[in-house]
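Biologist: Please show me the structure, and then let me ask about its parts one at a time.

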Amino acid sequence: MSVAPAISSWFAHVGTSIHYRKPVELRDETGDLVVSASPPSAKSPTVLWSIQSDDHRLRATKAVTVHLRREGLYWFAENESLRVFAHGSTQAEALSEFQEHVAYFHQYFQRLTADEVVGEGARLKRLFADSFEPT
Amino acid sequence: MAKRLVTHVSPRSAKSGDAPKYQNSPLVEVVFEIRFPGEPAVECHRDEYFALIRKEFPKVWVPNAEPGKPISTQPYHFKTEAGVETVMVAINRFAYTTKRYEGFEAFRPRAIDLAQRFCRHYGISILTRTGLRYINVIPFLREGPVLPWKRYFTVELTLPATSADDFQNVALVYESRCETGAITTRIASAKTEDESRDVFVLDFDFAKTAALSAGKLATYIDESHDHTKRVFEGIVAESYKAVMRGEVIS
């Protein structure tokens, strides 16, 4: 894992003299001989805080987890509760399609009346209505 | 001649309550380490401590010989079968680390027991340093090229008007002293090993270096944990705490 350097050496040019000022090293680290240089994979979920499609922007009342994975040549972006499954040839494409789907279904369920949905459809209608609001 | 050490793990004194257990904790690794003046017995009789723990830590990892570094300071690692937990022993340090942290109440007795058995076996009573380190890895999605900093952290980065504060990358390290020791906090944006995902690394390292005794490990680890917990709770933004509590659309 590459990490942007915390502190890099710098110098000040004063007349014809060049002064190098070394940064203060702060890093006597606990466990430096046992912790791997590259941290393990993240375990916590990746989230979206808002939904942005070509035509709409939605504010999420709660963070939306996006399960991102790569299989073969494609990236997949999914949310089980929302029943949204998207894919793309890049991660950005998959996320973009994911947001398009969420925005589409938000509008779709808004147009349906309560007696036009039952079971899972009713659940999704409630979930989309409660979870997102247009900005 | 080994001095008599405390051989039981003292119960934690009742305090204001441990941190809430987060359903979606970003914690990926926790390390408890002690350092002491070089003790050759550790290097020469390494097998004796291994014999005490081999049932739980059967896997032995040996160090590479690194040019310019004395071989005797390089540690052996003893790992559990699945590699989740590691005990590290070297001539002047001992560490216990786990990649599966199930709360301080579970970690504390395990770390203290392993360290106390080590100190007792080799007659180590004086310590030069103790350290408790929490490494968090938080995946995030960028909002355009900019880091969604305020969603995750309360740390305010105030720059002069001439510098833009829409950060694309950040690496921040600072060490703060307190009554019981010093805590180094690192917050950095980074990429996963395969360069495919953006993450924040949130790394807390609490160290004690003054007048330390192997008989007081429980006190040291408690003080280190309590301070780190307060710092963590203060640094993480409420919006991300909600994610950690599981208040998400998942």
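This is a predicted model: local features need pLDDT of at least 70, side-chain atom pairs count only at pLDDT 80 or more; totals for chains, interfaces and linings use all residues.

Biologist: In what order do the nine strands of the open sheet in chain B lie?

Modeller: The pairing in this sheet is antiparallel. β2 (59-61) and β8 (171-178) of chain B are the edge strands, since each pairs on one side only. Neighbouring strands are turned by 15° against each other on average, direction ignored. The order is β2-β3-β4-β5-β1-β7-β10-β9-β8.

Biologist: Which residue is the bridge partner of Val60(B) in β3(B)?

Modeller: β2(B) runs antiparallel to strand β3 (residues 76-79) of chain B, and three bridges join them. In β3(B), the partner of Val60(B) is Phe78(B).

Biologist: Which residue in the turn between β3(B) and β4(B) has a positive phi?

Modeller: β3(B) and β4(B) run antiparallel and are joined by four bridges. One bridge pairs Tyr76(B) with Val89(B) in β4(B). The two strands form a hairpin with five residues between them, and the turn residue with a positive phi, of about 75°, is Gly83(B).

Biologist: How many of the 12 residues of β7(B) are buried?

Modeller: In a regular strand the side chains alternate between the two faces of the sheet. In β7(B), Arg129(B), Gly131(B), Arg133(B), Ile135(B), Val137(B) and Pro139(B) point one way, while Thr130(B), Leu132(B), Tyr134(B), Asn136(B), Ile138(B) and Phe140(B) point the other way, and all are buried. The strand is therefore largely enclosed by the rest of the structure, and the count of buried residues is 12 of the 12.

Biologist: Which strands does helix α3(B) lie across?

Modeller: Helix α3 of chain B covers residues 104-122. The helix runs at about 155° to β5(B). The strands that α3(B) lies across are β1 (27-35), β4 (85-90), β5 (93-98) and β7 (129-140) of chain B.

Biologist: What term describes how α2(B) lies to α3(B)?

Modeller: Two packed helices are described by the angle between their axes and the distance between the axes. Helix α2 (residues 46-53) of chain B and α3(B) pack at about 140°, with their axes 11 Å apart. That angle makes α2(B) to α3(B) oblique.

Biologist: How do the residues of the contact of α2(B) with α3(B) divide?

Modeller: From α2(B), the contact has Arg46(B), Glu48(B), Tyr49(B), Leu52(B) and Ile53(B). These meet Leu114(B), Arg117(B), Phe118(B), His121(B) and Tyr122(B) in α3(B). The residues divide into six nonpolar, one polar and three charged.

Biologist: Is Val170(B) buried or exposed?

Modeller: Val170(B) is in the loop between α4 (149-152) and β8 of chain B. Among the residues Val170(B) touches are Leu147(B), Trp149(B), Leu157(B) and Ile187(B). Its relative accessibility is 8%, and buried means under 20%, so Val170(B) counts as buried.

Key
Residues are numbered from 1 along each chain as its sequence is written. Chains are lettered from A and ligands numbered from 1 in the order in which they are written. Side-chain values use heavy atoms; hydrogens and water are left out. Two strands pair if DSSP finds at least two bridges between them. Axes are lines fitted to C-alpha atoms, for helices over the stretch in contact, and angles run from 0 to 180 degrees between N-to-C directions. Contact means heavy atoms within 4.5 Å. Angles under 35 degrees count as roughly parallel, over 145 as roughly antiparallel, 65 to 115 as roughly perpendicular and the rest as oblique. Ala, Val, Leu, Ile, Met, Phe, Trp, Tyr, Cys and Pro count as nonpolar, Asp, Glu, Lys and Arg as charged, and the others, Gly among them, as polar. Buried means under 20% relative accessible area, exposed over 50%, partly exposed in between (1.4 Å probe, protein chains only). Lists of a residue's contacts leave out its neighbours within four places in sequence.
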